Each structure stands twice: as structure tokens, then as C-alpha cells.
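Please read the following walk through a structure with the coordinates open beside it.

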Amino acid sequence: MGSQGGFYQSKEFLDLVKSIGEARSKAEEDRIVLNEIETLKRRISEPDIPKRKMKEYIIRLVYIEMLGHDASFGYIHAVKMTHDDSLLVKRTGYLAVTLFLNEDHDLIILIVNTIQKDLKSDNYLVVCAALNAVCKLINEETIPAVLPQVMELLAHPKEAVRKKAIMALHRFYQKSPSSVSHLVSNFRKRLCDNDPGVMGATLCPLFELIARDVNSYKDLVISFVSILKQVAERRLSKAYDCHQMPAPFIQIKLLKILALLGSGDKQASENMYTVVGDIFRKCDSSSNIGNAVLYECICCVSSIYPNPKLLESAADVISRFLKSDSHNLKYMGIDALGRLIKISPEIAEQHQLAVIDCLEDPDDTLKRKTFELLYKMTKSTNVEVIVDRMIDYMISISDNHYKTEIASRCVELAEQFAPSNQWFIQTMNRVFEHAGDLVNIKVAHSLMRLIAEGFGEDDDNADSKLRSSAVESYLRILGEPKLPSVFLQVICWVLGEYGTADGMFSASDITGKLCDVAEAYSNDETVKAYATTALIKIYAFKIAARRKVDMLPECQSLMEELLASHSTDLQQRAYELQAVIGLDAHAVECIMPSDASCEDIEVDRDLSFLNDYIQEAIEKGAQPYIPESERSGMLNISNFRNQDHHEASSHGLRFEAYELPKPAVQSRIPQALIASTEIVPVPEPMYPRESYQTTMPSIPSDAGSAELKLRLEGVQKKWGRPTYTPATSTSNSTSQKTVNGTSQGDGASTVSSMRETYDSRKPQVEVSHEKQKLAASLFGGSSKTEKRPATGHKAAKASSHMVEKSHVPKSSMEVASDKAASAQQPPDLLDLGEPTATSTALQLDPFKQLEGLLDTTEVASAVNGAPAASVSPDIMALYVDTAAGIHNKNDADLLSGLSNPSVTNMPGTTAMPQVTQSSSKRPNPKDSLEKDALVRQMGVNPSSQNPNLFKDLLG
Amino acid sequence: MIKAVMVMNTQGKPRLAKFFDFLPVEKQQELIRRVFGVLCSRPENVSNFIEAESIFGPDSRLVYNHFATLYFVVVFDSSENELVMLDLIQLLVQQTLERCFKNVCELDIVFNYSKIHTILDEIILGGQVLETRSTEIMRAVEEISKLEAATNAISFIPKSASSWLSR
């Protein structure tokens, strides 16, 4: 049997194949193959193997490798075979190396010389074999070695060789356009080859060249049209026919090329109308390949400058496709319809029923294609039906890849065309419920934002109604057994923010539910964190309303559990909860204003509220603050030597130390710093500077701005993800310590700062309001069917979004809000928030912003426009690493781009003075302070409930 | 561009695999397995097309055809059209293999492994369809077959291996 075609195979190979074929299990098959490998390994290295045997061994190796086993021991033998004189052995060698090796394999270097020689061979079969290998094995570096030979072969007398030479050249172009860019004119020349096969082969590279640069090939339109005409008129030899179609493969390639050349070019397109029309008429639609040509004609017609007659023909063909019984043709019909509706949207209407049929078809491929079409057809009039269908389908499938895609499409359409906000929220709920873990977290954020912001209309009543209905629906949904984490986060946030807002549900209802959530999803720290924060809010609102707070027992126990949690984040939240409950109504009102999630947080960058304090300090003999720029040189040096902690720290602190009255103190500060540098920069020793600076603020935290720190924590954590770098928990513990030893002492100054910030915030709020109005008018306008208005709406939203950037965290933050803001809300936020900035940002690029919203990757740059744009991803990465030691690292998640610059700059500018003050100012408190800081930074937290905590950190 | 041609039987055993961009063996195996997983879950009488982005990455589609105990699969990107690829499978199976083997069956493909590769090399080169005339393909294959038959007769006198090792 094996010799049937002359390709001789030995009995051994047949036996191998047979035994593999009869293997009853994968294990048995593996055993047989491993046996075979052993045999081959032994035999192949024997001396004096006859060529015929060797050839067979190699074929067996190829076969074994196809079955998934490693045959690399035989590669070298395959390479040797290519050197053989006998064509057959050589061919086998080439076949084996093309299957075994990739173009970067070390052995290629041993083949290049042979290929060079073979390309010059007199025997065209040898040349063809070598060209096959060239296409597969030559990489950018080796192209020059064979290029001259391949170029010569373009004029080879055999058409088979010319064809392959063109393909080889095409391959070179794909791999390294620059290496053959001077030779592309050869493709044009070969287009005129007198062999149609060669001409047909030339179309492949030309198609690619034209796709990259249409304009340089416009002059060829006439040639292509005339070639197509001749082909269609059966001027080519019968051998090219396929099911009575004249050279369909060439026709299709030509139609593809014409589609590119005629796109948006009326003049070029006019040359094509006749021939395309002819093909439409002549094409035999009974054969598969005939339909392929027809389909390609439709693609061409929908791409070139529209011609009514051709569009009509195309529409006819489409309806024939759609009415066909063949699923393949229906599929092509749907695809073609998707192309044509871009030009003539009305054509879809006549095929409504056919489309609906395809949607109900059992064929998954067809269904998906139809959804793709619907996606293209969506308008605000039909969005409800389409998205509904999509979600139904999404629920029914298990393929995560497609589920993700369709979920994101649902979200996109809903955001673009939502007829009402009620519907939007319901739709989002369904998407989250069924594909929650596949949906981008940003979608969840935008949903929360939407609920928080309302809809831009002034109708507060409608907004609160919407919120009530959201709360109600979430309370209901919470009854479902297994909900995705992302969705739970949204639910917790909304319940916390608005659960008790309308008075329909009592605080104990909501808190009970939240505790249930935290208990039911006890493995999910993020959800637990959201739930805890929501609890804080509920209680804060209650306190602010001057009502008595009685904690539910389950809530109490939850809090106790979290106080001892291994997660410092949860622990901190629990402490915050504890702290909030202990505050009086006035304080709670300040830190946790009700329904203020959309308010902006004003950041007092200059920390002017500290002026008095600084003044006082300086009067008492403290060193004035030295700006970073003056200080940086020194710091740099110390940082470069970061490895050598001692030296580094003494460098960094020298200027401080000399002034101090007490030398003893001097040694302590270094220690604190040592500690911090030790812990923090471990993952990234290259960038110790940030970490150094950023650790500074934590030192004075107890003294002056403990609250600041504390607030910060609360704020960002809320939005953080559970997966922090180990170092982060150090900072957590630090701040948490701060909470413990609560220092609410300087309430006065912080409150005043708050006032300030509130005042300056007002104008921005108005601006965002206006934007919202604009958005609403755009969105609610009569021209709903167009995509543009929707985008406008989105853009406006996005602009307010950057304002939200700041308030989202704020809303979520509990204890902290304002003071936090003043200490370290990123300055860029502030900049953005300012009216002028907002408007410029708005003009920036609404579309980009829109994309950003939906984009999984980097929202940062798109969303916050200019300022963040300058932040390179590297810095960001760096930030995430180094900022681990800082309290606001959570920021990184949500505000990444925004917070970035602030973090890198701020500590230097804001925190330093405090350090200097506190150190030189009040020796005694300072002493204890430093001890405390040191202790905390060393990770020995006296109040910590679980010392184990730090094992992971330091280990 | 065509990314891969695969032949596998209805039990999922690969019978032929040709990837036009190099992939490591393990990756090839994984892809074959996943393709088979999709194929065997397809009901009868549906289209021959599958969106293969979840398997082969963005911009990849797959056309398959089922002949007796074999699946013939072609993976390609958006620069090709599905019906054409379907026709290419027909060309390969019905107009070429059928002529080579008369009533081609799974065993023919298994036993003439290298010949099938030769045929494919004639039809597709570097991921582009090069030759669609079955007569031409047949002629090229015949030529090699003839040579092979001739060499087989000759090579019964084994050349000394030392001569080729020294090369």
C-alpha cells in the first residue's frame, strides 16, 4: 500500500503506524512511541546506514513529532540529509527540516549554504525543493545570503520555479520589508508574465503591498481591471477552471485588490463597475466557488465608491444567500449584509426575518455572525431588543472568550444607546450577574458613577427614584446564591451609599444584608472590604442624622473578626469602622457627608493650613524646608548606594543631624530610615529614591497630621484590589497603627482646611453639572439613532468622569475624606478638577475617553488627558513598586495615572518640612514619635493583633 | 494568509499538521486538541466555518470539512474568504488525493505521510495558495513519485555511509 504512489515506506513504519492506530489508550500510544524513539535513537547513530533507511528514519521522526513527542535528537540528521546528492533524500531532508526547525534555530546556519547551492541547480525539482525551504527557514539575517539567487530565479524558464520564487520574495517582504523594498517593482513586472499561474501568484504579494500603501498602485487599476475582464471572459486555459468557473482563485484575488484600490476613490471605482457587473451576471451560483466569487464581488462593491446598480445586484445576491438552505451561504450572506448596511442601511429591513432565523439557528457560528451584524445595526430604537438577545445568548454559552466579548459589546451598546437609565442599570445588572467576573472592572466603576451622578438632569427626584430602585433590585439580587465578585462590589457600594437614603429600608436591614455578604463571600477580600466600607457609611449616616447607633450582633462579630484579620486592609477598615462609631455627629458629618460621592475633593497643595504650625516651629528654631530641587543631589547619591543602608541613611540625614541639639536623636532617624528602605525597596532596589521620600511623611503622621494619613488610607483602600505587593501591608499596618493610637488632636486645623477645600470646590461642581446637562441634551436629542450623540453624551460623562476621579474615591472613603485630600490627594486631580482644566480636558478627545472607559488596559492616559499623558508607563510601574511603602498605594489601582505624579512629587514637597520641624522642634515628642515610626517601619507593631502578619512581608 | 492545515481523524488523532508559521510541538498539539474539541461538538448540518479567535488568537477563522473518518481543517486570517478555503479542501481531497489514491481513506494518508506533505507544498507555499490546477499538482507529484521509484530500485546497493558522513 505504501508504495502505491511510489513513496516507499518500509514494513517497520507500517507496523508502527498500525500499532499506534490500534493503541487503546493514550498511555499505550505513548509507550509505543517512546519505544520507537529509543529504537530510532539507537539506529540513527549507527554507522553505515543506507540512505534509503535513513530517509525512512527521518520520516518516522517527523511522524513521531507530529504526534507530540520530542524528536530533536534527529534534527541534525535531517539537516545532513539536505546535503545529499540524491534528490529524493534531499527532498526528505528539506521536508523534515521545514517541519522540525524554525527560522531562528541554530541548525539553520548549516542549511543556508546548501540552499544557496541548490537554488543554482540545473534540476528544477531541486530548485523547487530549495525554494520550499527558503519560504520556511530563511529569516531576516539570512535573506541577503539567498536573495540574489532567488532574484535570478524570477526569470527561470520553468513557470513552477518562477511562481515559487515570487512566493519566496513575498515571504522575504513579510519577514523584513526593508530588506527587499528595492525589489518590489519585480512584482509589477511579473504581473505581466506570460504564464497565468505566475501572474496569479504575483497577486498575493501585490495584495499585501497595496493593502499597506494604496496610492502607489493606483496606476495598476486599469491593468487589474483588464486582467479580471479577460479572466471572466474565459481567456485563460481550461486548466484553471474550477466547477466551470474561469480561474476563480485569480478572480477572487483580483476582486480583493480592486476593493482596496477603489475604496474612497470615485475615479478608480468607475473603471471597475462594468467588470464587476459582468461577473455578477455571469457567475454561476450553484457551485461553492461561484458563490465565493459572488461574495467577493459584494465585498468589492461595498468597499469601492458606491454604484446603485451594483448595490442592487449585491442586495440580490445577499437575499439569495440568506434564503439558501446552506448554512455556509447563510453565514456568507450575514457577513455580506454586515458590509453592505454600512452603505445602504435600508437593505437590512427586507432581510429582517432571515436574520431572525439565523439568530435562532442551532449553528453557533452563524449565530455569532448574526450577533455581529446586529451589533453593527444597533440604534437607540432597537437597542433594548438586541442587547436583551445578546445577554440571553451570553447566559447560554460557556466559552469564556466569547462570553467576554459579547459582554463587553452589551456594555458598549448599552452605554451608547441606553433609552433610559433604569434600563441601563437593569441591563448592567444582568450582565454582571452572568458574566461579572469577565467584565472589566471599569464597567463596574462607571455603573457606580452613573448611579451616583444621576443622569445629568436636574431632576433630583428622578435620580433618587433610580437609586431606590437600584437598591431595591440589589437587595433582591443578593438572595441569589453565587454572585460574581465585581457585581458584589457594586452592590455593596450602592447599598452603603444609598441603602438608607430614601428611608425605605432601615439601617439594620441594610447592615444585616451587608454582613451576610461579608460572611457568604468570606474568601473574597475585596468584597469584604467593600462591605465593611458600606457598613461604615451606613453607620456614619445614622450618626450624622443624630440617631442612636445600635450595632447588630452579626455586625459586631464581623468587625471583631476583621480587627484580627490577616489582611491589613480589612483590619484597617474595621478600625475605621470602630473609630467612626465612636465619633460625634458633627465630626462624622464632616468626614462622611451623605451622598457626596460626586463631590470633588479639593487638595490644598500648599498645605497652607499648616502655615501656623510651621511658623511656630521655625520660631522655636526649626530648620526651614529645603525644596527638593536643592536637596536632590544629595539624595541621589544616597539612593545610589541604597544597598549600603547605613551609608545611605547617614548621607540623607546629615544636614538634619548637624543642627540637632541632641546627638542621640540623630542616630535614630537613620534607623527609621534604614528600616523603611529595607522594607520598601526590596522589590525594586533600583528606585529607592521614591521610597525614601515617601516614607518620610509617615514619620510625622502621629504628630501633626495623623488624621491626614488615616484619611488617605480609608480613601484609597476602598478602591484598591486585594493583590498588593507584600510591602504594602507594612504601610497598612503603619496607618492602622495610626488609627489605633488615634490622634484626632488637631481637629481644628483640619476642619479649617476642609472648609477651604469645600469652598473652592463649588465652581467645579457647577461645571460638571453643566456638562451633564449638555450630555443629557445630546443624548436625549431627537437624533438618537445616530451614534454621535451617544458618543457626545459619553464624552461629557467622561469629562465629568475626571472630576469624579476624585470623588469616586472620596465617596467610597469613609472616615477620611477631606483631610486625606489635603494631605495627599494627588495634585493632578485638583488640576483637572479646576474649571478651566475640565473644559480643556473635555475638548481633548472624547472618543479616546470613551474608548478608555471600555478599554481594559490603560484608562489612565485617555481619561485624564494631558497631565497623565506625560506619565510614562514605566514610571507607573515603578510607582506601583516603590509606592508600596506609602500609604496611598491603593491609589495606584484606581487612579493610577492621576495619583502618580503626585506621589512622586508630593512627599518631597509637603512632607519634608514636617519632618524637619518635628525633629528639630520638639525633641521630646519627637523622640517618642521616631521610636514609634521606627517600630512601625520595622514591622514590629506593638498593637498589632497578629505578629505573624509580618512574616510574609519580611520572609 | 493561511496559518495552518490539519488533518485529524474523528477520534482526534492528528494525521497531518502543517503550520505555516513556526509553533513549538507542544503548542501544535494543544491547538490540535482544542480544534478537535470544537469540531466534535458541532452538530450535523451546520456551517463549515468556526470563529477560531479563542484558539488561534485574533483575526483567525477556521474552515473544516468532514470526509469519512477524517476532518480536514484550514486555519486562516481575514485576507482569505471562507468559501474559497472550503473549496481548497475540496481541491485537496476530491481532486488530488482522490486521484492519487483512488477512494482515498484515512490509511492512505497515514501511510503516505510524506507524499501528502509534498502535495500540500505544491498547493500552498508560505501560507499563500499557489496552485489550484489539480492537473499541475498531479503532474508535480507524479514526477517525484517516478524519481522515487527509480531511486528505490537503485538504492538497493547501499552507498557506503562513510561517504555521506564525510560530506
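Buried means under 20% relative accessible area, exposed means over 50%, and partly exposed covers the range in between, with a 1.4 Å probe and protein chains only. By that scale Arg34(B) is partly exposed, at a relative accessible area of 34%, and Glu30(B) is partly exposed at 29%. This is a predicted model, in which local features need pLDDT of at least 70 and side-chain atom pairs count only at pLDDT 80 or more, while totals for chains, interfaces and linings use all residues. Residues are numbered from 1 along each chain as its sequence is written, chains are lettered from A and ligands numbered from 1 in the order in which they are written, and side-chain values use heavy atoms, with hydrogens and water left out.

The side chains of Arg34(B) and Glu30(B) form a salt bridge with an N to O distance of 3.5 Å; a salt bridge is a side-chain nitrogen of Lys or Arg within 4 Å of a carboxyl oxygen of Asp or Glu. Both residues sit in helix α1 (residues 25-40) of chain B, 4 residues apart, about one turn of the helix. Helices (H or I, at least four residues) and strands (E, at least two) are DSSP runs numbered from the N terminus. On that basis chain B has 7 helices and 7 strands, in the sequence order β-β-α-β-α-β-β-α-α-α-β-β-α-α. Of the 167 residues in chain B, 65% are buried. Contact means heavy atoms within 4.5 Å; among contacts in chain B between residues at least 6 apart in sequence, 51% join residues at least 24 apart.

One buried residue of chain B is His117(B), at 0% relative accessibility, in helix α5 (residues 113-123) of chain B. Leaving aside neighbours within four places in sequence, His117(B) is in contact with Leu95(A), Leu99(A), Leu16(B), Ala17(B) and Lys18(B). The side chains of His117(B) and Lys18(B) are joined by a polar contact of 3.3 Å. A polar contact is a pair of N or O atoms within 3.5 Å; within protein, one must be able to donate a hydrogen and the other to accept it, and residues adjacent in sequence count only if both atoms are side-chain atoms.

How many residues does each chain bring to the contact between them? Chain A gives 90 residues and chain B gives 77 residues. The area buried between chain A and chain B is about 7400 Å², with carbon and sulfur atoms giving 58%; buried area is the accessible area (1.4 Å probe) that two parts lose on being put together, summed over both. Across this interface there are 5 salt bridges. Arg42(B) and Asp363(A) meet in a salt bridge through their side chains, at 3.1 Å from N to O. On the side of chain A that touches chain B, the largest share, 9 residues, comes from helix α3 (residues 51-66) of chain A.

Over all chains, the whole structure has 47 salt bridges. One of them pairs the side chains of Glu103(A) and Lys175(A), at 2.8 Å from N to O. Glu103(A) lies in the loop between α5 (87-100) and α6 (108-119) of chain A and Lys175(A) in helix α9 (residues 159-175) of chain A, so the pair ties together parts that are 72 residues apart in sequence. Glu103(A) is partly exposed, with a relative accessible area of 25%, and Lys175(A) is partly exposed at 21%.

Lys256(A) and Glu296(A) form another salt bridge, of 3.4 Å from N to O. This pair links distant parts of the chain, 40 residues apart: Lys256(A) is in helix α14 (residues 248-262) of chain A and Glu296(A) in helix α16 (residues 288-303) of chain A. Lys256(A) is buried, with a relative accessible area of 10%, and Glu296(A) is buried at 4%.

Arg234(A), not a glycine, has a positive phi of about 60 degrees and is partly exposed, with a relative accessible area of 45%. Ala247(A) also has a positive phi, near 35 degrees, but is buried at 2%.
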